[in-house]
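Subject: Structure handover

Hello,

Please find the structure below, with the sequence. My notes on it follow.

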Amino acid sequence: MLATKTPGYAQTDKSDENTLIGSLIDLTKCDGCAAYDTPLCVTACRQKNEHRFPQPQKPIKDYWPRKKHEDWSNEKDRTDRLTPYNWTYVEKVQVNWNGETKEVAIPRRCMSRCTMSKTLSVWSHRENETLGGKN
């Protein structure tokens with residue numbers, strides 16, 4: 001992977017969906033898609049992986065040996081944290097830097113093995129709009 005100051009589009013060989021790729025996110029450039037209800041990276045990840053989301057059979061059994069269980073199936077639309085149905089979210093935090101308080105948007109992702117090719121193309125497109133002059 002090559003780091004550059006010039007924004008560009010991520011490219012993958014779409015013929016091989018098993019190809020693993022990585023991404024770097026410059027947190028000084030990410031605004032958490034402030035103009036959107038849901039960040040584009042969250043939407044793209046959900047669309048890409050929707051077919052992999054669990055379809056639990058109810059009633060859900062307790063975790064053995066404990067006498068409790070988690071059921072996220074009633075919260076499938078949640079995008080403010082990682083869940084079995086939301087594998088990416090953007091956390092906004094306040095940081096102090098050189099005497100100033102700034103808000104930083106930090107994309108948080110699961111550790112799932114995925115190609116993310118569609119997700120990266122959306123991120124790259126949004127980044128290019130924000131950084132590259134379409135904005």
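C45 counts as buried, because its relative accessibility is 6%; buried means under 20% relative accessible area, exposed means over 50%, and partly exposed lies in between (1.4 Å probe, protein chains only). This is a predicted model, in which local features need pLDDT of at least 70 and side-chain atom pairs count only at pLDDT 80 or more, while totals for chains, interfaces and linings use all residues. Residues are numbered from 1 along each chain as its sequence is written, and side-chain values use heavy atoms, with hydrogens and water left out.

**Cysteines**

A disulfide is a covalent bond between the sulfur atoms of two cysteines. Here the term is applied to a pair of cysteine sulfur atoms within 2.5 Å. How many disulfides does this rule give? The count comes to zero. For C30, the closest cysteine sulfur is that of C41, and at 6.4 Å it is too far for a bond. C30 is partly exposed, with a relative accessible area of 23%. C45 is in no disulfide either; its nearest cysteine sulfur belongs to C110 and is 6.0 Å away.

**Helix α1**

Helices (H or I, at least four residues) and strands (E, at least two) are DSSP runs, numbered from the N terminus. Is α1 mostly covered or mostly open? It is mostly covered, as eight of its 10 residues are buried. Among them are L40, C41, V42 and A44, and the list also includes C45, R46, K48 and N49.

**Aromatic rings**

Rings of Phe, Tyr and Trp (its six-membered ring) pair if their centres lie within 6.5 Å; planes under 30 degrees apart count as stacked, over 60 as edge-to-face and the rest as tilted. By this rule there are two aromatic pairs. In the pair of F53 and Y85, the ring centres are 5.9 Å apart and the planes are at 80 degrees, so the pair is edge-to-face. F53 and Y85 are 32 residues apart, and both are in the loop between α1 (40–49) and β1 (88–97). F53 is buried, at 11% relative accessibility, and Y85 is buried with a relative accessible area of 3%.

Why is the pair of F53 and W87 edge-to-face? The planes of the two rings are at 70 degrees, with the centres 5.3 Å apart, so the pair falls in that class. This pair also links distant parts of the chain, with F53 and W87 34 residues apart in the loop between α1 and β1. W87 is buried, with a relative accessible area of 12%. F53, Y85 and W87 form one aromatic cluster.

Where does I25 lie? I25 is in the segment before α1, and it is partly exposed at 31% relative accessible area. Contact means heavy atoms within 4.5 Å. Not counting residues up to four places away in sequence, I25 touches C30, P107 and R109. I25 and P107 are 82 residues apart along the chain, yet their C-alpha atoms are separated by 8.2 Å.

I106 lies in strand β2 (residues 100–109) and is buried, with a relative accessible area of 17%. From C-alpha to C-alpha, I106 and I25 are 8.8 Å apart in space, and they are 81 residues apart in sequence. Not counting residues up to four places away in sequence, I106 touches L27, Y89, V90, E91 and V93.

Regards
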